[in-house]
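User: Please take me through the side-chain packing and the charged contacts of this model, one question at a time.

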Amino acid sequence: MASTIFAEAADKFPPFWRKSMTNDPSTNYFLKKYSTPLDDPAATAVRNIMLARVIGAECQSSKLNKAKVKAYRDRMIDPLTPEQLKAAAFEGGSALRSFNYQDLAHLCAGIDYQFGPKGVLIAGAVSAGKGEPKYPFDPRRPYFRLPDFTGN
């Protein structure tokens with residue numbers, strides 16, 4: 001029994017997630033969910049920037065390409081008025097309100113699809129890394145508190 005407990009403790013996340021932790025949105029529900037555009041293109045851009053930042057920071061050996069994210073931000077949200085930016089930040093942030101460790105684990109596995117050299121969200125924004133979160137799953141704290149988007 002001790003070896004079973006040790007084996008479960010050694011996993012960073014529940015083993016049954018492995019099957020769906022792919023770089024393919026047809027098998028990875030979370031890739032599909034977070035790659036689908038929102039109703040407002042500016043809100044989609046805010047969500048994409050927030051995702052790139054959290055994926056770049058929380059996935060093992062991944063690195064955020066700040067220049068790519070800044071170019072995307074400049075192109076997508078710089079032309080907005082302060083009111084439009086506030087509305088886009090609210091909608092983009094709302095799309096990530098229930099973001100949790102399972103979402104993160106699946107998005108880490110699919111970095112290349114969303115943010116790789118030919119990524120569908122922000123091409124080249126995040127290096128692939130090892131495809132897993134940096135920290136192990138803690139069932140007592142499954143949710144992430146993502147910072148509010150301020151436009152920077």
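Analyst: Rings of Phe, Tyr and Trp (its six-membered ring) are taken as a pair if their centres lie within 6.5 Å. The model is predicted, and on that criterion ring pairs join a cluster made up of F16, W17, Y101 and F137.

User: Y29 and F30 form an aromatic pair; is it stacked, tilted or edge-to-face?
Analyst: The ring centres of Y29 and F30 are 5.3 Å apart, with 75° between the planes. Planes over 60 degrees apart fall in the last of these classes, so the pair of Y29 and F30 is edge-to-face.

User: Is Y29 buried or exposed, and which is F30?
Analyst: Y29 has a relative accessible area of 54%, and because exposed means over 50%, Y29 is exposed. F30 has a relative accessible area of 10%, and because buried means under 20%, F30 is buried.

User: How many residues apart are Y34 and F99, whose rings form a pair?
Analyst: The ring centres of Y34 and F99 are 5.8 Å apart and their planes stand at 65°, so this pair is edge-to-face. Y34 belongs to helix 2 (residues 29-35), whereas F99 lies in the loop between helix 5 (82-94) and helix 6 (101-109). Both Y34 and F99 are buried, and the pair links distant parts of the chain, the two residues being 65 residues apart.

User: Which residues does L107 touch, not counting residues up to four places away in sequence?
Analyst: Once residues up to four places away in sequence are set aside, L107 touches F30, L31, Y34, L51, I55, F99 and Q114.

User: N28 lies in the loop between helix 1 (2-10) and helix 2; at what distance does its side chain reach the backbone oxygen of T22?
Analyst: N28 has a relative accessible area of 0% and is therefore buried. Not counting residues up to four places away in sequence, N28 touches S20, M21, T22 and H106; the C-alpha atoms of N28 and H106 are separated by 6.9 Å although these residues are 78 residues apart along the chain. The side chain of N28 reaches the backbone oxygen of T22 at 2.9 Å.

User: E132 and R18 meet in a salt bridge; how many residues apart are they?
Analyst: A search of the whole structure finds four salt bridges, and in the one between the side chains of E132 and R18 the N to O distance is 2.9 Å. E132 is buried, with a relative accessible area of 17%, while R18 is partly exposed at 47%. E132 lies in the segment after helix 7 and R18 in the loop between helix 1 and helix 2, which places them 114 residues apart.

User: Which residues are linked with K70 in a network of salt bridges?
Analyst: K70 forms a salt bridge with D74, the closest N and O atoms being 2.8 Å apart, and both residues lie in helix 4, four residues apart, about one turn of the helix. K70 is partly exposed, with a relative accessible area of 44%, and D74 also counts as partly exposed, at 27% relative accessibility. The network of salt bridges links K70 with R73 and D74.

Terms used: Residues are numbered from 1 along each chain as its sequence is written. This is a predicted model: local features need pLDDT of at least 70, side-chain atom pairs count only at pLDDT 80 or more; totals for chains, interfaces and linings use all residues. Side-chain values use heavy atoms; hydrogens and water are left out. Rings of Phe, Tyr and Trp (its six-membered ring) pair if their centres lie within 6.5 Å; planes under 30 degrees apart count as stacked, over 60 as edge-to-face and the rest as tilted. Buried means under 20% relative accessible area, exposed over 50%, partly exposed in between (1.4 Å probe, protein chains only). Contact means heavy atoms within 4.5 Å. A polar contact is a pair of N or O atoms within 3.5 Å; within protein, one must be able to donate a hydrogen and the other to accept it, and residues adjacent in sequence count only if both atoms are side-chain atoms.
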